[in-house]
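Subject: Structure handover

Hello,

Here is the structure I promised to pass on. Please open it next to this email as you read.

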Amino acid sequence: MSQKYICSVCEYIYDPAVGDPDSGIAPGTPFEDIPDDWECPDCGVGKEDFEVYEED
């Protein structure tokens with residue numbers, strides 16, 4: 001299963017199983033395959049502000 005990523009600004013979690021359909025990112029899209037100009041749907045920061053989400 002693909003890794004989830006969390007926004008370091010607003011804590012939005014990108015889940016590859018869900019994708020980001022509102023931004024044209026289909027379910028099943030790994031974070032690495034999202035275009036570099038994609039922005040966090042909650043706060044608008046770029047991919048560089050996301051980090052690997054470690055689930056407990």
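First, the ground rules. This is a predicted model, where local features need pLDDT of at least 70, side-chain atom pairs count only at pLDDT 80 or more, and totals for chains, interfaces and linings use all residues. Residues are numbered from 1 along each chain as its sequence is written, and side-chain values use heavy atoms, with hydrogens and water left out.

**The whole chain**

The protein chain has 0 helices and 3 strands. Both are DSSP runs, numbered from the N terminus: helices are H or I with at least four residues, strands are E with at least two. The order from the N terminus is β-β-β. The radius of gyration, taken over C-alpha atoms, is 10 Å. That agrees with a compact globule of 56 residues, which would have a value near 10 Å. The globule rule is 2.2 Å times the number of residues to the power 0.38. Along the principal axes, the C-alpha atoms fill a box of roughly 25 × 25 × 15 Å. Of the 56 residues, 36% are buried. Buried means under 20% relative accessible area, exposed over 50%, and partly exposed in between (1.4 Å probe, protein chains only).

**The salt bridges**

The whole structure holds 2 salt bridges. Each needs a side-chain nitrogen of Lys or Arg within 4 Å of a carboxyl oxygen of Asp or Glu.

- Lys 4 pairs with Asp 15, with the closest N and O atoms 3.9 Å apart. Lys 4 sits in the segment before strand E1 (5-7), and Asp 15 in the loop between E2 and E3, 11 residues apart. Both residues are buried.
- Asp 36 pairs with Lys 47 at 3.8 Å, N to O. Both lie in the loop between E2 and E3, so the pair ties together parts 11 residues apart in sequence. Asp 36 is exposed, at 71% relative accessible area. Lys 47 is buried, at 14%.

**Asp 20**

Where is Asp 20 placed? It is in the loop between strand E2 (13-14) and strand E3 (50-52). Asp 20 is buried yet has no salt bridge. The nearest side chain of opposite charge, Lys 47, is 12 Å away. Here Lys and Arg count as positive, Asp and Glu as negative; His and the chain ends are not counted. Beyond its neighbours within four places in sequence, Asp 20 is in contact (heavy atoms within 4.5 Å) with residues including Tyr 12, Ile 25 and Pro 41.

Best wishes
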